[in-house]
Amino acid sequence: MRPEAASPVADIARRALLERYAPASVLIDHKGRVVYFHGTTRDYLEQPSGEPTRDLLTMARDGLALKLRGAIREASKGDKSVTVHGRVHRSGSSLDVAMTVMPLPASPQGGKLALVSFAPGAPRSNHPTIREDAAETTSGVRALQEELVSMRAELRNTIEHLETANEELKASNEEATSMNEELQSTNEELETSKEELQSFNEELNTVNSQLQHKIAELERTTNDLNNLLAGSDTATLFLDSKLAINWFAPATKELFDLVTSDIGRPIAHFARKFFDENLLSDAETVLQKLTNIEAEVLSDAGRWYLRRMLPYRTRDNHIAGVVITFSDITERRNAAQAVDDARIYAEAIVGTVRQPLVVLDAKLRVQSANPAFYDLLRVAAKETEGSLLYDLGNGLFDIPAVRTLLDEVLSKNYEVADYEVEHEFRDIGRRCMLLNARKLSQGGGRDELILLAIEDITERREGDNAVRASEQRLRDLIEALPGAVYTTDAEGRITSCNPAAAELWGRNPELGTDEWCGSWRMYRPDGTPLPHDESPMAIALKENRQVQGAEAVAERPDGVRVPFLAYPTPLRDASGKVIGAVNMLVDITERKRAEALAERLAAIVESSDDAIISKTLDGTITSWNDGAERLFGYGSDEIIGNSIMTLVPPDRRDEEMDILDRIRRGEHIQHYETLRQRKDGSLVWVSLTISPLKDATGKAVGASKIARDITERQHADQHRKTLMDELNHRVKNSMAVIQSIASQTLGHASTLDEAREAFGSRLINLAKAHDVLTRESWQSANLVEIVSDTVKPHAGGKNRFRIEGPGVRLSPSAALAIAMALHELSTNAAKYGALSNGNGQVVIVWQIEGDDAGRRLVLHWQESGGPPVAKPKAKGFGSRLIERALASELGGEVRVDYQSSGLECTIIAPLPAGQELLGGQSGKTGGKAGADRRG
């Protein structure tokens with residue numbers, strides 16, 4: 001026979017033997033419920049009236065339940081087989097029964113089980129003697145009586161147990177209902193907290209977007225300010241309140257040998273390239289009196305500067321230092337000197353001019369005159385000054401035309417130029433005089449004067465008629481020229497201009513009246529006003545020389561400014577005398593625009609904080625700005641001519657080749673974020689913007705690359721993600737702690753009010769511990785602060801606590817555990833211990849014991865002055881929290897002693913040498929355990 005066919009036969013044989021020889025038995029669980037019946041058990045067990053049951057003691061027949069209960073209890077307690085004998089009563093007869101309870105090994109599916117076997121007792125003899133029958137009858141009655149008494153006692157105990165169980169079930173039902181309501185309320189609060197966290201997350205995202213926008217605005221503002229100061233010729237120096245350098249403009253290097261690393265050093269430590277002995281004293285005066293101070297200083301290079309010093313004010317009007325500016329006034333001083341020279345020169349000209357000039361007061365009395373005037377009248381200066389003009393020279397000027405001229409100048413404030421008077425004079429015959437008169441205003445409330453110039457133009461008039469025809473021919477020629485051309489007389493009055501000149505000026509000048517230039521206003525190339533009498537034409541006439549390519553700016557009446565180059569040339573007569581000048585103006589507007597654009601682009605490239613690089617299509621670097629040098633560490637002389645691959649990490653070479661291919665196709669690459677390699681081998685995150693450079697035909701010949709350092713932004717993004725993860729972790733931990741407190745509190749409170757009070761006080765203590773950790777940014781907490789904040793509410797405003805111990809830093813988890821344990825001790829002391837009366841005291845002291853790896857923290861809680869203390873019969877949540885949870889969290893030992901004088905609690909926690917935090921390792925607040933709890 002095959003082995004597999006023999007197995008069922010063996011099972012059948014084994015089952016038959018069990019049915020024939022094994023006693024009636026039942027298999028029960030640890031609650032006494034029958035899980036399996038074997039054999040005929042109806043002689044020993046029966047179902048009671050009512051609902052079916054599996055409870056063995058309930059199904060036991062009369063006389064067996066009491067001893068069977070004791071046997072089951074003894075077998076479970078001793079984990080051994082127990083056999084008892086009982087007597088079952090049925091239909092007026094009784095039967096001895098041997099009951100054996102044998103515990104079985106625990107199974108993974110059914111838990112702990114026991115086998116209860118029933119076997120009939122020894123049979124009675126069929127022929128007993130009368131004495132034996134009487135003895136047996138007496139013994140049986142006694143046994144029945146004892147069994148009856150036991151049954152009655154058991155019945156009473158069962159009834160009491162049933163009543164107690166019913167009451168406990170009712171209380172448990174009420175507690176379960178209350179707990180269900182509390183859990184529902186907690187669930188609703190958790191949902192609300194979840195919504196608040198989602199709202200808080202959205203707000204964080206909004207704030208982050210706003211912050212990035214503000215950062216971008218700040219960068220643009222900073223770039224604009226740097227470009228403005230870098231492009232200005234004014235040397236600007238910012239000092240703090242201690243006269244140390246905060247910032248300086250590039251132009252400052254002409255006066256101080258400054259480099260970027262000098263920021264933060266006192267200005268007094270630097271040599272100056274100019275003489276200014278009052279620089280430091282004026283700076284201190286500005287800080288003290290908040291006034292502006294100006295002074296002119298001379299540099300070692302021979303240039304003059306206007307040094308202006310004023311307080312540095314912040315937006316909230318706080319004085320944070322001093323601002324010093326140095327404006328180059330060399331040209332202005334030279335101009336002022338030129339004006340003085342011109343005045344002296346003009347006086348010399350007036351003194352030597354051949355035309356009679358006379359200065360009259362408001363009453364037409366002679367104030368002064370030039371030698372030519374005295375020669376005309378043939379009088380001396382002493383005889384003429386103070387006399388009426390009409391009384392001079394035998395009434396030479398006492399003619400109606402002169403009177404009319406002077407009356408108009410006085411009454412109508414006219415300026416009369418080239419006023420011709422043709423008259424038959426008594427001594428000199430008929431002459432043609434050219435008069436020029438102008439009112440001279442004087443300051444200080446003094447009377448106004450009249451300057452009268454007299455010129456005999458009789459001979460010139462005759463010559464004018466001769467040359468007028470030739471002038472007309474020349475005028476026609478000039479008007480036909482496409483370039484701007486105009487002429488003036490020897491005094492600078494414009495005598496003619498062609499249409500091109502009028503178009504350049506934006507107006508038609510008044511011929512014979514407008515002087516030097518026909519533009520509305522004039523400016524120098526640096527933007528400062530240029531008086532007409534200092535224009536290139538005026539210089540050519542005054543200095544009697546040709547001027548080549550002098551640059552100036554003409555402003556039209558509509559405000560448009562036109563830059564031009566002037567080529568004024570004096571015109572001379574046959575004798576070499578200057579009779580006027582001709583000037584050709586070349587409009588250079590387009591050239592200026594091109595130059596300005598080129599300079600602007602160059603300034604942007606050089607002053608940009610971003611790296612701006614140009615390269616050929618094969619990747620050869622052709623230009624390199626200061627921003628690139630700061631970002632990558634290579635100087636322009638080191639990198640120009642090398643391959644762009646010098647900056648590319650080996651694992652990103654294909655990326656750069658793809659960029660070059662896209663540039664060859666004329667594509668633009670915007671905000672491409674990648675890694676590049678510095679000179680020192682370190683990697684830097686950059687954002688690339690790459691544009692193709694094209695020639696005149698539109699063909700790509702190279703590329704311009706702008707690289708912006710985004711390392712800080714990458715770090716900020718990572719930091720923001722870390723903060724969000726940490727916030728999520730802290731909230732989950734807090735919810736877990738609250739859930740645990742709620743579960744333990746509600747599970748051990750006898751009333752709802754007690755549960756609410758205990759739960760609320762524990763949450764408040766947890767919140768205070770969180771406050772201490774929050775002040776320390778959740779890195780650690782001071783044991784003194786944890787102890788003080790926890791016991792403070794129980795002090796009652798009195799000094800009932802004595803707290804002593806060295807400074808010890810706790811990890812967040814250890815701080816929360818100690819705070820909760822101290823809260824339970826304080827609450828117990830307030831209810832039953834030293835704080836329950838007005839005289840009790842609590843001493844909390846701790847110290848560090850041991851060295852090296854055996855170093856540990858020992859904290860003692862000792863109560864005194866309270867009522868006598870007895871060890872409780874059962875331990876509550878607070879005791880378990882102190883003895884188990886705290887010891888587990890600290891990895892140490894917690895002992896609670898119930899002395900008659902007061903409760904004592906000793907907490908021992910390891911604190912090896914080199915470990916900075918209790919409950920952490922190497923000063924880290926999280927550690928591996930913290931990471932495991934997060935998971």
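Helix H20 is mostly covered, with 17 of its 20 residues buried (buried: under 20% relative accessible area; exposed: over 50%; partly exposed: in between; 1.4 Å probe, protein chains only). The model is predicted: local features need pLDDT of at least 70, side-chain atom pairs count only at pLDDT 80 or more, and totals for chains, interfaces and linings use all residues. Residues are numbered from 1 along each chain as its sequence is written, and side-chain values use heavy atoms, without hydrogens and water.

**Helix packing**
- H20 spans residues 812-831 and reaches 29 Å from its first C-alpha to its last, close to the 28 Å expected at 1.5 Å a residue.
- Helix H19 (residues 783-791) packs against H20 at an angle of about 35°, with the axes 9 Å apart.
- In H19, Leu783, Ile786, Val787, Thr790 and Val791 meet Ala815, Ile818, Ala819, Leu822, His823 and Ser826 of H20 (contact: heavy atoms within 4.5 Å).

**Salt bridges**
- The count comes to 34 salt bridges, each a side-chain nitrogen of Lys or Arg within 4 Å of a carboxyl oxygen of Asp or Glu.
- Glu655 is buried at 14% relative accessibility, and Arg676 is buried at 2%.

Conventions
Helix = DSSP H or I, 4+ residues; strand = E, 2+ residues; numbered from the N terminus. Expected span 1.5 Å × (residues − 1). Axes fitted to C-alpha atoms, helices over the stretch in contact; angles between N-to-C directions.
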